[in-house]
Amino acid sequence: MPDAIELLKTRRSVKPREMSGPGPSAAELDTILTIGARVPDHGKLAPWRFIVFEGDGRRRAGEVIASVFARKHPQATAAELEVETNRFMEAPLVIGLVSFTRPHPKVPAYEQELSAGASAMNILTAATALGYGGCWLSGWFMFDRDVMDGLGLKPEEKLAGLIHIGKPTKPSEDRPRPALADIVTRF
């Protein structure tokens with residue numbers, strides 16, 4: 001396991017098309033999800049939950065997405081429908097991060113949504129520490145109510161992200177990062 005500071009300094013996203021199996025074991029997945037739930041959470045509201053898509057569940061989720069796409073785009077080609085069906089098929093594991101807010105006198109919705117974002121980052125970091133690649137993605141389907149309903153989300157829930165996890169097939173290239181001088185001010 002890498003040194004924590006070095007891990008945080010070098011973590012980068014791995015494209016799902018650059019992942020292979022096997023995905024995390026059941027014990028590793030429990031570790032990843034436990035760490036995903038160990039985030040700042042003002043009021044102990046746990047304003048997030050996880051949907052695990054693995055095995056055939058990835059294909060079934062893609063079929064939900066493709067079905068909604070076909071209904072909303074009746075001129076869609078077979079190739080376009082195949083793209084939608086395969087949305088979750090490149091990585092061996094996809095974790096859907098579901099976010100919801102609750103009315104609270106001291107914890108605004110904004111803080112609750114930030115807690116879900118912190119959860120996504122913890123999931124990515126945990127997966128990286130275990131030797132996997134991860135990528136936090138979105139797409140049109142994440143914001144489509146019919147898709148959310150088809151994936152089992154409640155009306156008050158939304159998807160904060162889809163985190164793809166698998167073994168990297170090649171070293172990830174880093175992207176340019178902002179210089180501290182460009183993003184830090186002192187008061």
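## Arg12 and Asp174

In this predicted model, Arg12 and Asp174 form a salt bridge, with 3.5 Å between their closest N and O atoms. Arg12 sits in the loop between H1 and strand S1 (19-20), and Asp174 sits in the loop between S5 and H7, so the pair ties together parts that are 162 residues apart in sequence. Arg12 is partly exposed, at 26% relative accessibility. Asp174 is also partly exposed, at 42% relative accessibility.

Arg11 is placed in that loop between H1 and S1 as well. Arg11 is buried but has no salt bridge. The nearest side chain of opposite charge to Arg11 is that of Asp174, 7.8 Å away. That separation rules out a salt bridge, because a side-chain nitrogen of Lys or Arg has to be within 4 Å of a carboxyl oxygen of Asp or Glu. Leaving aside neighbours within four places in sequence, Arg11 is in contact with Met121, Leu124, Thr125, Thr128 and Arg177.

## Other salt bridges

The structure holds 11 salt bridges. One of them joins Lys72 to Asp144, whose closest N and O atoms are 2.6 Å apart. This pair links distant parts of the chain: Lys72 belongs to helix H3 (residues 56-72), Asp144 to the loop between S4 and helix H6 (145-150), and the two are 72 residues apart. Lys72 is partly exposed at 40% relative accessibility, whereas Asp144 is buried with a relative accessible area of 10%. Both residues belong to a network of salt bridges that links Arg71, Lys72, Asp144 and Asp146.

A further salt bridge is formed by Arg145 and Asp149, with the closest N and O atoms 3.2 Å apart. These two residues are separated by about one helical turn, because they are 4 residues apart in helix H6. Arg145 is partly exposed, with a relative accessible area of 29%. Asp149 counts as partly exposed too, at 42% relative accessibility.

Helix H3 has 17 residues. From first C-alpha to last, H3 reaches 25 Å, close to the 24 Å expected at 1.5 Å a residue. Its buried residues are Gly57, Arg58, Ala61, Gly62, Ile65, Ala66, Val68 and Phe69. These buried residues pack against S2, helix H4 (78-85), S3 and H6.

Glu84 is found in helix H4. Glu84 is buried, with a relative accessible area of 5%. Not counting residues up to four places away in sequence, Glu84 touches Gly62, Ile65, Ala66, Phe69 and Trp140. The buried residues of H3 include Gly62, Ile65, Ala66 and Phe69.

## Helix H5

Helix H5 (residues 109-129) has 21 residues. The distance from its first C-alpha to its last is 31 Å, close to the 30 Å expected at 1.5 Å a residue. Buried residues in H5 are Gln112, Ser115, Ala116, Ser119, Ala120, Ile123, Leu124, Thr125, Ala126, Ala127 and Ala129. Among them, Leu124 and Thr125 are in contact with Arg11.

After H5 comes Gly131, which has a positive phi, near 95°.

## Ala46 in the loop between H2 and S2

Ala46 is found in the loop between H2 and S2. Ala46 counts as partly exposed, at 30% relative accessibility. Its C-alpha is separated by 8.1 Å from that of Gln112, a residue 66 places apart from Ala46 along the chain. Gln112 is one of the buried residues of H5. Leaving aside neighbours within four places in sequence, Ala46 is in contact with Asp41, Phe100 and Arg102.

## A nonpolar surface patch

Leu180, Ile183 and Val184 form a nonpolar patch on the surface. Together the three residues have about 290 Å² of accessible area. Ile183 lies in helix H7 (residues 180-183). With a relative accessible area of 54%, Ile183 is exposed.

Notes:
Residues numbered from 1 in each chain as written. Predicted model: local features only at pLDDT ≥ 70, side-chain atom pairs only at ≥ 80, totals over all residues. Heavy atoms only, no water. Expected span 1.5 Å × (residues − 1). Buried < 20%, exposed > 50% of the residue type's maximum accessible area, 1.4 Å probe, protein only. Patch = residues over 30% accessible without salt bridge, like charges linked within 9 Å, V, L, I, M, F, W, Y side chains within 5 Å. Areas by Shrake-Rupley, 256 points an atom, 1.4 Å probe, with all protein chains shown as cover. Contact = heavy atoms within 4.5 Å. Lys, Arg positive; Asp, Glu negative; His and termini not counted.
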